[in-house]
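This report describes selected local features of one protein structure. Please examine the sequence and the three-dimensional view before reading on.

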Amino acid sequence: MNAVNPTHLTLTKKKHSCVRLEKEGRTLVVDPGGFSEEDAAVGADAILVTHEHPDHFDERRLRAALEADPAVGIWTLRSVADRLSAAFPGRVHTVGHGDTFTVAGFDVQVHGELHAVIHPDIPRITNVGFLVDGSVFHPGDALTVPDHPVDTLMLPVMAPWNKISEVIDYVREVAPRRAIDIHDALLTDLARPIYDSQIGALGGADHGRLAPGDSTGL
């Protein structure tokens, strides 16, 4: 999965749920949270954030990226935008389910409204997923099924809110050409072969994972 085709999208996996998408010299970063590298957002032309949980949204990292480059903007839901918009007027954009926009040469569709259920006693927060260039879908912390075909699904494999049967059924329902693991900082090396074999055998799509820093052409 490490061969990169420079004429199409290039996906680079960062730690946990952060990914970088590159095309024609432009870079889009999704969810540079607190579990990701300190420089996860550095060099981005635009940043997408799915929700407010700290493993997806790190205010310090985002402020550093915005301060380093006055051309960088953020597209996210209101709970995150409210934390940053006053300090960076006109650069933090609020989006929600059904919205479409183009940023840094990438076409983005917004799908989903709520975070997955962690426990019935914990109120659900908002969460959006992003479909980039009609091809790559990052759902954040939800098992949202877009009303659009997905070529590459960024698959949340290990979280307090899911179990492997749900992950497998999610791959089946979305039916992508391939699924690549995200939300994996809590998954130990001991457990990875179990997840790899079961999702690969039962999900119905090509399944793989990238080590942080590895890239693949899409």
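In which loop does His 148 lie?

His 148 lies in the loop between β10 (136-138) and β11 (152-156). Strands such as these (E, at least two residues) and helices (H or I, at least four residues) are DSSP runs, numbered from the N terminus. The model is predicted, and local features need pLDDT of at least 70, side-chain atom pairs count only at pLDDT 80 or more, and totals for chains, interfaces and linings use all residues. Residues are numbered from 1 along each chain as its sequence is written, and side-chain values use heavy atoms, with hydrogens and water left out.

With a relative accessible area of 28%, His 148 is partly exposed. In this scheme, buried means under 20% relative accessible area, exposed means over 50%, and partly exposed lies in between (1.4 Å probe, protein chains only). Leaving aside residues up to four places away in sequence, His 148 touches Gln 109, Leu 131 and Gly 134; contact means heavy atoms within 4.5 Å. His 51 is 97 residues from His 148 along the chain, and their C-alpha atoms are separated by 21 Å.

## Val 19 in strand β2

Val 19 belongs to strand β2 (residues 19-23). Its relative accessibility is 1%, so Val 19 counts as buried. When residues up to four places away in sequence are not counted, Val 19 touches Thr 12, Lys 14, Leu 28, Val 29, Val 30, His 138, Met 154 and Ile 182. From Val 19 to Pro 32 the C-alpha distance is 7.7 Å, and the two are 13 residues apart in sequence.

Helix α1 (residues 59-68) has the buried residues Arg 61, Leu 62, Ala 65 and Leu 66. Seen down the axis of α1, these buried residues fall within an arc of 130 degrees, so they line one face of the helix. The arc is that of the directions from the helix axis to the C-beta atoms. The buried residues of α1 pack against β4 (46-49), β5 (73-76) and α2 (78-84). The exposed residues Arg 60, Glu 67 and Ala 68 are carried on the face of α1 turned away from its buried side.

The whole structure has 13 salt bridges, each being a side-chain nitrogen of Lys or Arg within 4 Å of a carboxyl oxygen of Asp or Glu. One of them joins Glu 38 to Arg 61, with the closest N and O atoms 3.4 Å apart. This pair links distant parts of the chain, as Glu 38 is in the loop between β3 (26-30) and β4 while Arg 61 is in helix α1, 23 residues apart. Glu 38 counts as exposed at 52% relative accessibility, whereas Arg 61 counts as buried at 6%. Asp 58 also forms a salt bridge with Arg 61 (3.3 Å, N to O), and both Asp 58 and Arg 61 are buried.

## Helices α3 and α4

The axes of α3 (residues 164-174) and α4 (residues 192-202) come within 9 Å and cross at roughly 35 degrees. Here axes are lines fitted to C-alpha atoms, for helices over the stretch in contact, and angles run from 0 to 180 degrees between N-to-C directions. On the α3 side, Ile 164, Val 167, Ile 168, Val 171 and Arg 172 meet Tyr 195, Gln 198, Ile 199 and Leu 202 of α4.

In α4, the buried residues are Arg 192, Tyr 195 and Ile 199. They fall within an arc of 65 degrees seen down the axis of α4, so they line one face of the helix. What covers them includes β11, α3, β12 (178-182) and β13 (206-208). Arg 192 also forms a salt bridge with Asp 189, the closest N and O atoms being 3.7 Å apart. Salt bridges that share partners join Lys 13, Asp 184, Asp 189 and Arg 192 into one network.

## Residues with positive phi

Most residues other than glycine have a negative phi. Glu 24, in the loop between β2 and β3, has a positive phi near 50 degrees. With a relative accessible area of 74%, Glu 24 is exposed.

Asp 133 is not a glycine, yet its phi is positive at about 55 degrees. Asp 133 is placed in the loop between β9 (129-132) and β10, and its relative accessible area of 26% makes it partly exposed.
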